[in-house]
Amino acid sequence: MTEPVKVDVEGVTLSFGANKVLDNINVTVQPGEFFALLGPSGCGKSTLLRLIAGFNRAQTGRILVAGEDITEVPPWKRNVGMVFQSYALWPHMSVAQNVAFGLEEKRLPREAIRRGVAKALELVGLTELAARKPGQISGGQQQRVALARTLAIEPRVLLLDEPLSNLDAKLRHHMRRELVSLQRRLGITTIFVTHDQEEALTTADRLAVMDRGVIQQVGAPMELFDSPASRFVAEFIGSINLLKGTLDRGDAGSTRFRSGAGAFSLSLPEAAPAGGEVTLAFRPHSLELAEPGASADAARAWFPAQIHEREFLGEFIRYRLHAQDTELLADVPHRKGDPGYANGAKVMAGIDPAQVRLFAG
Amino acid sequence: MNPRVTFPQIAVALAIATFLVVFLIAPVLTVIYVAFADGSGGFTLSHFVSFFQITLMRESFVNSLYVAGTTVLVTSLIGVPLAYFTVRFRFRGAAIIQTLGVLPLIMPAFVGASAMQLLFGRSGAVNLILMDAFDFSIPLMEGLNGVIFVESLHYFPFILLNLSVALANIDTAMEEAGQNLGASGWRLFRRVVFPLAMPGYIAGASLVFIKVFDDLGTPLILNVTNMLAPQAYLRVTSIGIDDPIGYVICVLLVLFSVGAMAGSSWFLKGRDFATLQRGGAAGLRRKLTAWQAVMAYGLVAGLLLLVLSPHLGLLLLSLSKVWSYSVLPDAYTLANYATVFRDSTRMMINTLVYCGGAALIDVILGTAIAYLVLRTQLPGRQWLDHMSTVALAMPGVVLGIGYLRSFRDVDLPFGMGPLLGSGLIFILAYAVRRLPYALRSCNAALAQVHLSMEEAAQNLGASRGRTIMRVVVPMMMGGILAGFVTSFITAAGEISETILLTSRESLAPMSYGVYLYMQSIAGRGPGAALGVLAVILVGLGTYLSNRLVTARQASMERR
């Protein structure tokens with residue numbers, strides 16, 4: 001395998017007519033990195049991937065692979081391998097012929113092609129299916145063939161367009177792990193498009209969250225989960241409570257927060273915007289519940305609430321709380337023998353200030 | 001679906017089966033039987049041996065294969081690039097090219113053949129200009145070349161249209177995957193695009209081969225007789241209905257027709273071509289640069305001129321007083337139309353009666369077969385469908401000769417004379433050969449009528465028969481009418497059976513009239529006029545059937 005390369009997308013803007021699909025995209029994928037593009041459908045992530053493969057043309061900006069500008073290079077000369085969402089296996093060719101295709105286009109000698117095909121099929125564990133037609137193998141196997149066909153040409157960059165979306169849930173988890181371990185072994189720079197946040201968090205070294213043609217945030221999975229840069233990122237990755245209200249700054253870092261859920265004091269570690277409208281964002285698992293009147297952790301900010309609904313999810317119970325006119329989620333770990341709170345029960349809900357993220361407005 | 005088989009169902013099925021056996025299967029089997037019979041009830045291959053001993057026959061056989069094969073090649077050379085071009089590039093000419101496909105339906109090849117002589121023949125318009133300017137000529141209409149040229153211009157839309165549909169159905173990712181792996185241009189087309197569109201190409205190409213291989217009218221009009229179909233006709237009409245060589249030719253025609261159809265379905269069977277997963281080709285449509293656009297429009301204009309030349313030539317010919325050894329007619333007149341209306345009204349009436357009768361039989365049979373196949377559990381009902389489809393592979397010459405042989409001693413009841421001397425034989429012959437078209441229409445129409453519509457009627461007290469009359473047939477009406485029109489217009493352009501079955505002029509329909517007129521130089525003007533009238537008739541029919549189908553689709557979508 002060749003040295004891993006870097007991919008730079010610089011100032012890319014692309015519109016289809018009046019519709020701006022990509023708006024000033026700037027992102028760098030490090031050599032050997034497993035990088036995910038995550039976002040809802042229509043956010044422009046697939047368009048960006050196709051742009052790197054050369055199937056779309058941007059109005060402005062450039063694409064660099066290993067520092068070399070490939071913006072004007074046609075798709076067939078880029079050596080940027082892509083696995084298509086539909087796999088796009090050619091039904092008139094056998095598995096081996098599909099895999100051999102790219103090597104033949106490179107005009108390699110017959111022996112080299114044979115070796116390349118064998119190596120690629122071995123990589124994905126499909127050596128014995130070489131003679132089959134794509135229509136004669138399962139969806140998971142087709143996915144591996146598509147991968148083998150792309151890897152056979154030893155591309156500088158591997159592009160994966162929702163590669164797992166056509167598989168059933170169980171196979172998807174399995175293939176996800178396999179994909180990661182394959183990428184680790186080959187060390188090839190990989191860009192992976194998905195709308196599934198769990199998929200992105202579990203596989204990627206770093207990811208970019210996109211919305212409406214704009215990159216919202218780039219970072220490692222944990223960074224994005226813990227410190228979302230915007231309300232969109234906070235809501236898109238994992239579940240989150242958003243509590244709108246006003247902050248009145250008192251002395252000694254203590255602040256008084258007034259919201260639809262009630263008013264309480266809160267000592268925020270972050271530098272809060274002085275006064276005005278803010279939104280407190282916190283994950284459901286960071287909200288603690290207690291019986292009214294029980295001795296409570298004084299570091300938390302407590303307010304009264306009532307259990308509205310509960311869902312038992314095995315590892316934890318998800319409560320839907322009503323605090324005055326606001327609805328909040330609380331995930332409470334479940335232990336054997338603990339039945340939890342019943343619907344309609346009155347409880348105290350406690351926010352851990354250290355787990356809170358503050359958005360203006 | 002009611003699983004019970006009823007007596008009326010059996011009776012109708014038997015009646016249809018009898019009709020198909022008597023007027024389709026039996027005549028074809030008779031032809032095959034005669035080709036292998038030694039005259040005393042035994043089997044022999046001696047007729048085939050004598051066939052291959054006659055130099056003219058060997059030559060005709062080779063010529064027919066050569067003409068059909070070369071026509072497939074030429075139509076491919078025109079059709080394949082055009083199809084790729086219209087599907088892959090964004091330009092307005094694409095719509096024009098796609099509509100070219102209806103032109104062959106509107107005018108049979110043989111009608112325009114004479115006009116093509118006048119335009120492209122040795123002393124035709126084009127060669128006169130070429131001789132004048134450069135002192136050379138193109139032997140485009142000489143002998144077999146003429147047949148190939150006329151048939152190619154006529155049939156290339158079969159390849160164009162079939163291939164366009166196939167190309168448009170290819171998932172764009174299939175092509176992109178090829179590009180991603182390093183293929184482009186011609187290599188991408190050859191290795192990925194064309195193989196994926198193969199079903200469309202094969203369907204179109206086999207159809208062209210069959211049509212050209214079996215065609216009788218075009219070679220006869222161009223005075224080319226050393227081909228199989230013309231030889232079959234000449235043997236049977238000049239030597240006699242008992243001459244076995246004509247039957248041997250018929251067997252060869254059937255063999256190649258069935259072979260081409262079976263070959264194409266064998267080729268497509270067991271191969272996975274279902275490639276459309278999403279998208280389609282819209283995303284891959286490329287824009288033309290200014291220079292390319294000029295080229296493209298030039299190409300389309302040239303092609304259009306070429307394809308329309310039989311039509312334009314025919315119109316000119318019909319309006320010309322004298323047109324000989326000159327680029328354009330020397331003088332114009334409407335006299336040809338007057339002649340036709342004076343002498344040939346009988347032929348026009350015959351066409352209306354024959355084709356109307358045949359189309360009526362077709363939609364009645366088509367509706368009945370569709371209902372039996374789709375809505376009943378009658379054992380063996382599929383056979384009605386299969387039997388009627390046999391007609392698709394039967395050359396007109398074969399069926400015509402089969403009719404002449406099978407019904408030569410059959411008289412109509414009530415002293416109305418022999419069957420072969422009546423208009424009824426045309427109605428039957430047309431009905432049998434056009435039945436597959438009408439059946440397809442009726443099948444599609446019935447498939448769209450939801451079963452619950454019928455169940456609702458029965459639930460409200462309508463018997464099965466009443467349900468068919470009051471609910472099923474009215475709901476199928478659009479499809480039935482479209483089937484009627486298709487049968488009608490294709491029958492109006494039929495020439496092979498027509499030439500064989502026309503025993504006297506008073507029986508002849510318009511298509512025979514055109515053929516007859518075109519035999520003499522003086523008759524070419526009136527012949528062209530009659531051709532123009534036929535084209536107008538058929539064009540109106542095509543327009544009408546399109547209107548019906550679109551209106552029907554619209555009403556179905558509203559539902």
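**Exercise 1.** Determine the strand order of the open five-stranded sheet in chain A, and state which strands stand at its edges.

*Solution.* The order of the sheet is E15-E19-E16-E17-E18 in chain A, with antiparallel pairing; strands are DSSP runs of E of at least two residues, helices are runs of H or I of at least four, both numbered from the N terminus, and two strands pair if DSSP finds at least two bridges between them. Next, strand E15 (287-290) and strand E18 (326-333) of chain A each have a single partner strand, so they stand at the edges with one side lacking a neighbour in the sheet. Neighbouring strands are turned by 45° against each other on average, direction ignored. E15(A) is joined to strand E19 (residues 346-351) of chain A by four bridges, and the two run antiparallel. Within this pair, Glu288(A) has Gly350(A) of E19(A) as its bridge partner.

The model is predicted: local features need pLDDT of at least 70, side-chain atom pairs count only at pLDDT 80 or more, and totals for chains, interfaces and linings use all residues. Residues are numbered from 1 along each chain as its sequence is written, while chains are lettered from A and ligands numbered from 1 in the order in which they are written.

**Exercise 2.** Describe how helix H2 (residues 95-105) and helix H4 (residues 139-152) of chain A pack.

*Solution.* Their axes, lines fitted to C-alpha atoms over the stretch in contact, come within 7 Å and cross at roughly 25°. H2(A) is therefore roughly parallel to H4(A) (angles under 35 degrees count as such). The contact residues (C-beta atoms, placed from the backbone, within 7 Å) include Val99(A) and Phe101(A) of H2(A) and Val145(A) and Arg149(A) of H4(A). By class, the contact has seven nonpolar, two polar and one charged residues (nonpolar: Ala, Val, Leu, Ile, Met, Phe, Trp, Tyr, Cys and Pro; charged: Asp, Glu, Lys and Arg; polar: the others, Gly among them).

**Exercise 3.** Is helix H23 (residues 510-517) of chain B largely enclosed or open?

*Solution.* Seven of its eight residues are buried, so H23(B) is largely enclosed by the rest of the structure; a residue is buried if 20 or more other C-beta atoms lie within 10 Å of its own. Among them are Met510(B), Tyr512(B) and Tyr517(B).

**Exercise 4.** Which helix gives the most to the side of chain B that touches chain A?

*Solution.* In total, 20 residues of chain B are in contact with 20 of chain A. Helix H9 (172-180) and helix H10 (185-214) of chain B each supply at least two residues of that side. H9(B) gives the most, with six residues.

Technical notes
Axes are lines fitted to C-alpha atoms, for helices over the stretch in contact, and angles run from 0 to 180 degrees between N-to-C directions. A residue is buried if 20 or more other C-beta atoms lie within 10 Å of its own, exposed if 12 or fewer, and partly exposed in between; C-beta atoms are placed from the backbone. Angles under 35 degrees count as roughly parallel, over 145 as roughly antiparallel, 65 to 115 as roughly perpendicular and the rest as oblique. Two residues are in contact if their C-beta atoms, placed from the backbone, lie within 7 Å.
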